[in-house]
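Me: I would like to go through this structure term by term and hear what each label rests on. Could you take my questions in turn?

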Amino acid sequence: MTRLSGGLVDRSQTLNFTFDGKQYHGYPGDTLASALLANGVRLMGRSFKYHRPRGVFSAGSEEPNALVELRSGARQEPNTRATVAELFEGLVARSQNRWPSLGFDALAVNDLLSPFFTAGFYYKTFMWPKAFWEMLYEPAIRKAAGLGSLSMQADPDAYDKGFLHCDVLVIGGGPAGLAAVLTAARSGARVILADEDFRLGGRLLAETETLDGAPATDWISALETEFESLPNVRVMRRTTVFGVFDHGIYGAVERVSDHLAEPGDKVRQTLWRITAKRAILASGATERPIAFADNDRPGIMLAGAMRAYANRWAACPSKTIAVFTNNDDGHRTARDLAAKGVHVAAVIDARREARARGDYRVIAGGMVTGSRGRLGLRAIEVSTNGRREWIECGSLGVSGGWNPNVHLTSHHRGRPVWNEALQAFLPGADGPAGLLPVGAAAGHFSTAQTLRSGAEAALRALTELAIAAAPPVLPQSEESGYGVAPIFHVAGKKRAWVDFQNDVTVKDLKIAHAENMRPVEHLKRYTTLGMATDQGKTSNVTGLAVMAELTGKSIPETGTTIFRPPYTPVTISVLGGGDTGPHFRPRRLTPTHNWAEAQGAVFVETGQWMRAEYFPRQSETHWRQSVDRETKAVRSAVGLCDVSTLGKVDVQGADAGEFLNRLYSNVMDTLKVGRVRYGLMLREDGFAYDDGTCARLAEDHYVVTTTTANAGLVYRNMEFARQCLWPELDVQVISTTDAWAQIAVAGPKSRALLTRIVDGFDLSNDAFPFMACAELVVCGGLRARLFRISFSGELAFEIAVPARYGHALMERLMQAGADLGATPYGVEALSVLRVEKGHVGGSELNGQSTAAMLGLGKMVSQKKDAIGAVMSRREGLAGDIRRIVGLQPVERAGKVVAGSHLFTVGAPQNLDTDQGWITSACYSPHVGSMIGLGFLENGDQRIGEVIVAANPVEGESERLRIVPAHFVDPEGARLRD
Amino acid sequence: MLIPHPILGSRDAREFTYLGDVRLVDRPDPTGPDAEAAFCDYVFLRDNPAGVHRELWFHEQGDRSCLVVTRSTITHDILGAELARDFALARKRGGE
């Protein structure tokens with residue numbers, strides 16, 4: 001056990017957990033990393049490339065080494081940083097990237113082969129033969145590398161997303177952030193504090209320094225109580241602001257129940273979109289190491305992290321430690337650990353003038369030049385003025401200085417600026433508008449400075465927002481120095497790691513330099529420095545500094561890398577925000593959905609809509625039986641189909657006719673009131689776009705329909721045309737698709753059925769002929785619209801009632817038509833009926849067909865302009881000789897397969913001889929065989945010819961006879977009956 | 001992004017559908033001598049400036065106004081927004 005005294009863990013309760021199957025225990029307040037250290041576990045993982053044994057390196061979200069798999073079963077999650085995984089009872093954790101065990105990893109042989117695996121190895125080695133890359137090299141490399149594994153099961157947890165708005169968003173709950181919140185909270189401004197930790201306080205929790213002479217946690221607790229009492233303040237713990245987006249929008253992930261064994265009725269995580277007028281970035285700073293030979297052994301960690309483990313978690317990796325530093329901060333670690341009773345073997349301070357700040361040995365001007373201990377540190381080699389000595393220690397704290405966490409300030413390509421005194425990049429002036437960096441993130445490294453800068457920034461933000469605020473009384477705190485020397489690595493022959501997560505060493509940087517990969521962008525990509533999931537939080541600046549040294553340039557001359565979202569990895573699950581499975585997109589239900597469901601309908605997704613596909617009866621065992629029956633019912637009696645999904649747009653105004661003239665390729669303003677006309681729309685590029693009907697209800701009132709698929713798009717285009725192209729026209733449009741339930745009543749007995757429900761309306765052929773429309777009253781007082789239009793080719797009507805009456809109307813029609821054989825039919829029968837009649841559908845109106853191809857060439861008026869008219873006359877479009885035809889197998893039992901391509905009998909089958917393709921196909925109960933529609937070169941002149949339909953995907957070929965595209969009632973007598 | 005709607009105030013860009021370059025407003029004269037060439041240009045060619053760009057945004061999840069938004073494609077700064085209808089009317093009157 002290496003648990004120390006004190007700390008912010010709750011020793012009244014014990015938490016049991018396992019790591020690689022072994023039982024351990026820790027306390028509430030522990031992270032997995034702190035609990036493992038307290039249990040004497042230093043070895044936590046294997047490195048990405050060389051499979052080197054690795055231990056925890058940091059105490060925060062910057063962790064490059066201690067990546068583990070958490071939980072089991074479907075909740076198994078790979079690559080979780082042990083440093084931020086909150087301990088809970090029963091936590092199951094496993095190390096990863098090792099086989100067969102963490103202590104003995106067969107792939108550690110990579111480490112022996114490391115001379116081959118240096119920068120650019122993949123680029124140089126796996127080049128030839130080219131085909132081997134996909135087949136052999138890449139799979140093998142991926143298998144050997146990679147880190148954790150996925151459960152391959154669906155995520156069982158719920159996720160959510162939410163939207164928040166505030167005056168001031170404070171990012172980070174350390175001293176600077178808390179001072180900012182305090183200032184803003186008391187002004188009454190709407191404040192959100194987001195902190196990635198589960199406990200507020202930031203670095204204060206890791207230090208022993210006092211505020212107003214008392215432990216810092218006293219001050220923090222008082223603030224937490226105050227914030228809780230203020231309705232204008234929202235404190236969000238376990239919440240990482242991962243990105244800055246345009247115009248003050250911040251993305252954040254709240255880990256609502258990651259710290260619980262199971263979320264229960266809570267969501268696992270929530271994705272927040274926070275719109276803030278101002279934001280204060282109090283993200284602190286991340287310590288960086290000094291690279292030296294064999295600096296990656298378990299037990300070697302950042303000095304500040306070692307101090308955090310001791311002070312906050314009462315954990316220490318070893319009873320004997322040493323510190324290697326180039327700045328004053330490293331001495332704090334020695335001082336605090338010595339005070340906790342840990343033996344400090346030495347503080348190796350690279351600065352020659354260094355002096356001890358406590359009772360420990362200081363080696364001034366010393367450098368750590370090597371280490372021993374295969375699975376955990378045993379000793380370090382220290383060189384001073386050419387003299388070498390080995391010092392035994394189980395852990396080494398390394399401090400190469402602190403890098404302000406400027407990440408969010410560069411999310412809009414803002415470039416950090418080098419500060420020579422601090423030897424660090426500070427936020428540049430070109431960061432996102434309204435984002436104010438404070439505290440350590442802005443280069444203020446003493447507590448007193450951070451508190452002041454937080455409060456001042458809040459005041460500035462509030463002043464800009466014209467919110468009156470007073471500066472708060474801040475607690476008395478330390479004004480400490482820092483005094484960092486520009487030492488980033490120790491020269492030597494052995495490998496010295498810079499980027500631990502991607503296994504990039506000083507040697508790799510030298511190779512990149514020697515091979516002229518010197519610009520920082522090239523350096524990054526060639527060596528993969530900083531390209532792991534930690535985005536190089538502990539390595540980028542060191543890498544730059546080494547390259548600067550090699551090139552003999554300064555660090556700012558060498559360049560800087562900027563960061564992109566996310567600050568820390570974000571799960572795909574939370575980005576989905578719960579929009580998975582049936583929630584992936586909205587599901588629209590027709591007005592008769594519940595009725596259809598009660599009838600046992602089988603549904604099909606058409607866009608967002610769920611439509612009844614067919615209505616199977618108990619005796620029917622195959623969908624074709626149901627569809628054939630429904631189709632026959634329409635041809636022989638009367639069928640009912642919900643067609644509410646068709647887009648409906650109400651067009652009103654004195655210029656409504658003129659407006660529609662310009663939208664449809666055919667003329668609409670000559671339409672008489674009370675009549676309907678079929679309309680064809682083109683895209684502006686001249687291709688056919690959409691079809692539907694225009695019904696004129698009054699001089700200045702049309703109702704037009706669109707196809708189901710294009711309902712939203714056509715309406716959008718109509719609004720565009722109205723507002724942007726012809727704003728001078730007196731016309732208004734509105735989509736009424738959801739307002740009306742519309743039911744097709746089709747079949748020879750449709751008139752008889754409708755007569756039974758209309759309130760004194762003359763449905764005779766003379767009074768209400770084919771293509772008539774009217775507003776009327778049905779079912780004893782319900783307002784309705786009636787259109788005599790036919791998609792099936794039969795005598796048919798479509799009746800529309802306010803959507804809420806759709807269900808009742810369907811029931812009434814079924815009841816009233818029972819003796820007439822009224823039969824509900826679904827979209828499958830609807831499609832068969834339209835193919836039999838030769839009406840075009842989505843397969844023909846596919847965006848690549850011209851009006852002439854569809855047999856609708858005459859509908860493009862030459863007398864007027866309309867959208868697409870000019871471009872439809874282009875040579876390429878006007879010259880397309882493919883025409884729609886009907887197709888029937890020569891052998892009655894032959895198959896017609898949509899997608900088959902059409903060839904002359906006996907001709908070779910290739911692109912040059914291709915004459916067209918089959919767009920739609922179905923079994924036609926009316927014809928008694930399969931039938932199809934297709935586009936065929938000069939098809940309209942080849943009626944009667946036999947051609948070959950080739951289906952090379954299935955290796956099939958069928959002889960088909962070309963027939964007119966009207967299998968039913970080509971004269972149109974039935975629908976005019 | 002937030003778009004300053006001239007009637008409704010600051011609105012989330014996700015309420016809008018992007019329609020593209022504002023020159024879509026300038027539909028060529030279909031009776032002009034080079035109508036086909038003009039339409040080809042209108043339909044297929046767009047400027048893609050790095051910098052200030054005028055573009056159409058349709059408030060599809062809102063009041064269904066088309067807006068002309070002036071935006072920097074580099075910084076996403078929005079320099080102004082007006083109703084496309086007003087813009088198009090002014091254009092037809094020769095105001096621009």
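Predicted model: local features only at pLDDT ≥ 70, side-chain atom pairs only at ≥ 80, totals over all residues.

Me: What makes the pairing of Asp197(A) and Arg312(A) a salt bridge?

Reply: The N to O distance between their side chains is 2.6 Å. A salt bridge is a side-chain nitrogen of Lys or Arg within 4 Å of a carboxyl oxygen of Asp or Glu, so the pair of Asp197(A) and Arg312(A) qualifies. The two partners come from distant parts of the chain, 115 residues apart: Asp197(A) is in the loop between strand 9 (191-194) and strand 10 (210-211) of chain A, and Arg312(A) is in helix 7 (residues 303-313) of chain A. Helices (H or I, at least four residues) and strands (E, at least two) are DSSP runs, numbered from the N terminus. Arg312(A) is buried, because its relative accessible area is 5%.

Me: Which parts does the salt bridge of Glu207(A) and Arg332(A) tie together?

Reply: Their side chains meet at 3.3 Å, N to O. Glu207(A) sits in the loop between strand 9 and strand 10 of chain A and Arg332(A) in helix 8 (residues 329-339) of chain A, so the pair joins parts 125 residues apart in sequence. Glu207(A) is buried with a relative accessible area of 12%, and Arg332(A) is buried with 13%.

Me: How many salt bridges are there over all chains?

Reply: A search of the whole structure gives 69. One of the pairs is Arg11(B) with Glu15(B), at 3.0 Å, N to O; Arg11(B) is partly exposed, with a relative accessible area of 28%. There is also a network of salt bridges whose members include Arg52(A), Asp111(A), Asp294(A) and Lys494(A).

Me: What makes helix 17 of chain A largely enclosed?

Reply: Of its 8 residues, 7 are buried, so helix 17 of chain A is largely enclosed by the rest of the structure. Among the buried ones are Phe659(A), Leu660(A) and Leu663(A). The cover includes strand 35 (647-652), strand 36 (676-682) and helix 18 of chain A.

Me: How do helix 17 and helix 18 of chain A pack?

Reply: Helix 17 (residues 656-663) and helix 18 (residues 711-725) of chain A pack at about 115 degrees, with their axes 11 Å apart. Axes are lines fitted to C-alpha atoms, for helices over the stretch in contact, and angles run from 0 to 180 degrees between N-to-C directions. On helix 17 of chain A the contact uses Phe659(A), Leu660(A) and Leu663(A), and on helix 18 of chain A it uses Met718(A), Ala721(A) and Arg722(A). By class, this contact has 5 nonpolar, no polar and 1 charged residues; Ala, Val, Leu, Ile, Met, Phe, Trp, Tyr, Cys and Pro count as nonpolar, Asp, Glu, Lys and Arg as charged, and the others, Gly among them, as polar.

Me: What share of chain A is buried?

Reply: Buried residues make up 60% of the 977 residues in chain A. The secondary structure of chain A comes to 23 helices and 50 strands.

Notes
Residues numbered from 1 in each chain as written. Chains lettered and ligands numbered in written order. Heavy atoms only, no water. Contact = heavy atoms within 4.5 Å. Buried < 20%, exposed > 50% of the residue type's maximum accessible area, 1.4 Å probe, protein only.
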